[in-house]
Amino acid sequence: MSNTEQKPEEHNEGHSAMIKTPKQLLVTVALAFLVPIAIIVMLVSLVTSTMSTGAGSAALSPEAIAARIQPVAGFKLVDANAVKELKTGQQVYETTCTACHGAGVAGAPKFGDKGAWGELLKLGQDELVKNAIHGIRGMPAKGGNPSLDDVEVARAVVYMANAAGADFKEPEAPAPEGEKADAKPEAAAAEDSKPAQASAAAAAPEASQVAAADDSKVDPAGIKLYDTICFACHAAGVAGAPKFGDQAAWKPYIETGMDTMLQKAIHGVGAMPPRGGSQASDEELRAAIQHMVNAAK
């Protein structure tokens, strides 16, 4: 017999099946079904858990959901007789002054620019505060925000001046009326209130225009952008900006179309810096423009 020849017994053993009993057959069939199903279940569980948590974020936590669905505008009850909590200089600058002083609009000294502030600082703190409260050249009284207290305006002036190299002292909040040693006579108090009443009366037409404007389809983010940034120039028509609610001033702009107005707002035009000196998105700018257009119709 040659080496290449095999015995019949060896040949049969090489080709014999691995499953030799009915029990082994049942186990094999069961595993053939259960193993793939188990793998599929584990993969689905892994994918769904990753998607539901945002890859490790807390996007669907109760706090995050509540923050996303809360209304844009809110309100809170306050005591009309309570002492007003005055803003800091930085807070006033960021909500009112930055629209012009952030980019140096209409000759406003740019924040932190020592060269632009140099000559102004020589006037002294009192004179600068006086100009800021009553307005000067293209700057409206209190930067166009009549709701500001004189102390808040003074704090904003000190904040900007000190950022340009001055060493002004920030004014403190005045003592409550009940704690003043010498109360003013009623007549004198009435005289002092006239400027504030005049400012409120000047702002009244604008408030009525806002109420009359049809903003039902305007994104509230655009209205908020106007109230915090755009109003600084458009409320008083600073540096040629079309005044809020002025139909004649807005007519030529409206005739160019929304797309043209949006592009000018994005890239800046005249004394207006790109995006009005803000970080607003294109959609927010479009909504702010629409808010102003609605008031001018």
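Ring pairs join Y93, F111 and Y159 into a cluster; rings of Phe, Tyr and Trp (its six-membered ring) pair if their centres lie within 6.5 Å. The model is predicted, so local features need pLDDT of at least 70 and side-chain atom pairs count only at pLDDT 80 or more, while totals for chains, interfaces and linings use all residues. Residues are numbered from 1 along each chain as its sequence is written, and side-chain values use heavy atoms, with hydrogens and water left out.

By the ring rule, the count comes to 5 aromatic pairs. One of them, formed by Y93 and Y159, is tilted, with 5.8 Å centre to centre and 50 degrees between the planes; planes under 30 degrees apart count as stacked, over 60 as edge-to-face and the rest as tilted. This pair links distant parts of the chain, since Y93 lies in helix α4 and Y159 in helix α7 (residues 150-163), 66 residues apart. Y93 is buried, at 9% relative accessible area, whereas Y159 is partly exposed, at 26% (buried means under 20%, exposed over 50%, partly exposed in between, with a 1.4 Å probe and protein chains only).

Helix α4 (residues 89-101) also meets helix α9 (residues 220-234): their axes come within 8 Å and cross at roughly 50 degrees. The two helices are therefore oblique to each other, the class left after roughly parallel (under 35 degrees), roughly antiparallel (over 145) and roughly perpendicular (65 to 115). T95, T96, T98, A99 and C100 of α4 make the contact with T228, I229, F231, A232 and C233 of α9, where contact means heavy atoms within 4.5 Å.

How values were computed
Axes are lines fitted to C-alpha atoms, for helices over the stretch in contact, and angles run from 0 to 180 degrees between N-to-C directions. Helices (H or I, at least four residues) and strands (E, at least two) are DSSP runs, numbered from the N terminus.
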